[in-house]
Amino acid sequence: MTTDPTPAAKAAPLTVRGLTVSYGAAPAVFSADMTVAPGAMTAIIGPNGAGKSTLLKAVLGIVPRLSGQVEVFGQPFDTQRARIAYVPQRASVDWDFPTRVIDVVQMGLYRQLGLLGRVTGRHRQLALDCLARVGMADFATRQIGQLSGGQQQRVFLARALAQGADLYLLDEPFAGVDAATEKAIIDVLKSLKAEGKTILAVHHDLSTVPDYFDRVFIINKSPVAEGAVAQAFTQDALQRAYGGRLAAGLLDQLFPQAQTAVPPAFPARPA
């Protein structure tokens, strides 16, 4: 007889409630609520300075939260860290650190190895398999600082793959990479989705949102809209988030016909 899954198994991969982050007097993110759907690829989008990366880092505890709760698969974040993989912005990494590509990927195995664990042939093969998946197996013994920006980004994705996570959080994975790397990354992310994994990525290129993602979370310090791309990624929602910073040509490209549907919006908070 088949038993019903536990409530935790039914829970969203990531739930954020009332998250606020402040740098000084002004909040960088204010009272954000977000529910990430399982087995989907969700983009966090918004203008520069909207708090996209800050939101992701606050979820992970990299920057402190002023308030708010974060649950992963229905459980407190700290109890579910092993189910999460994170790919940071490439610009935030010290690429001068003297280490080989294979060593970087094996860092994703630290939960298997423990603090003083020995890397075995099985671990090395797993790391090589992850590098092959992102098209970087031939660079395994290269120093990480000798790679191009796109190659470095692929290596960090391979490190995330080595973790065998259920929820992947990526901070601008396509920023500053070449077209071949962008295609390689999106192919890997879509294959993860096909395996039932959940992807949440900070994204800046609005023109690729409909092709790359299933859902969007639009933010400008506070949430603007959230939902499936077909419902939430609308001209009205983008104009409310970006104001006059969107080029008319881009809007024409994204919305060749006038939008009439009203996107799911967050209700105004009482004064």
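Reader: Between which two strands is the loop that holds Lys221 found?

Author: Lys221 is found in the loop between strand E9 (215-220) and strand E10 (222-228), where strands (E, at least two residues) and helices (H or I, at least four) are DSSP runs numbered from the N terminus. This is a predicted model, in which local features need pLDDT of at least 70 and side-chain atom pairs count only at pLDDT 80 or more, while totals for chains, interfaces and linings use all residues. Residues are numbered from 1 along each chain as its sequence is written, and side-chain values use heavy atoms, with hydrogens and water left out.

Reader: Why is Lys221 called partly exposed?

Author: The relative accessible area of Lys221 is 37%, and the term buried applies under 20%, exposed over 50% and partly exposed in between (1.4 Å probe, protein chains only); Lys221 is therefore partly exposed.

Reader: What makes Phe73 count as buried, and in which loop is Phe73 found?

Author: Phe73 has a relative accessible area of 11%, and this value makes it buried; its place is the loop between strand E4 (67-72) and strand E5 (75-76).

Reader: Why is helix H2 described as mostly covered?

Author: In helix H2 (residues 52-60), eight of the nine residues are buried, among them Lys52, Ser53 and Thr54. Just after H2, Gly61 takes a positive phi of about 80°.

Reader: Why are H5 and H6 called oblique to each other?

Author: Helix H5 (residues 121-133) and H6 pack at an angle of about 130°, with their axes 8 Å apart, the axes being lines fitted to C-alpha atoms over the stretch in contact and the angles running from 0 to 180 degrees between N-to-C directions. Angles under 35 degrees count as roughly parallel, over 145 as roughly antiparallel, 65 to 115 as roughly perpendicular and the rest as oblique, and H5 and H6 are therefore oblique.

Reader: Which residues of H5 and H6 meet, and how do they divide by type?

Author: Leu126, Cys130, Leu131 and Arg133 in H5 meet Val155, Ala158, Leu161 and Ala162 in H6, contact meaning heavy atoms within 4.5 Å. They divide into seven nonpolar, no polar and one charged, where Ala, Val, Leu, Ile, Met, Phe, Trp, Tyr, Cys and Pro count as nonpolar, Asp, Glu, Lys and Arg as charged, and the others, Gly among them, as polar.

Reader: What makes Arg154 buried, and which residues does it touch?

Author: Arg154, which is found in helix H6, is buried with a relative accessible area of 15%. Not counting residues up to four places away in sequence, Arg154 touches Val134, Gly135, Met136, Ala180, Thr181 and Ala184.
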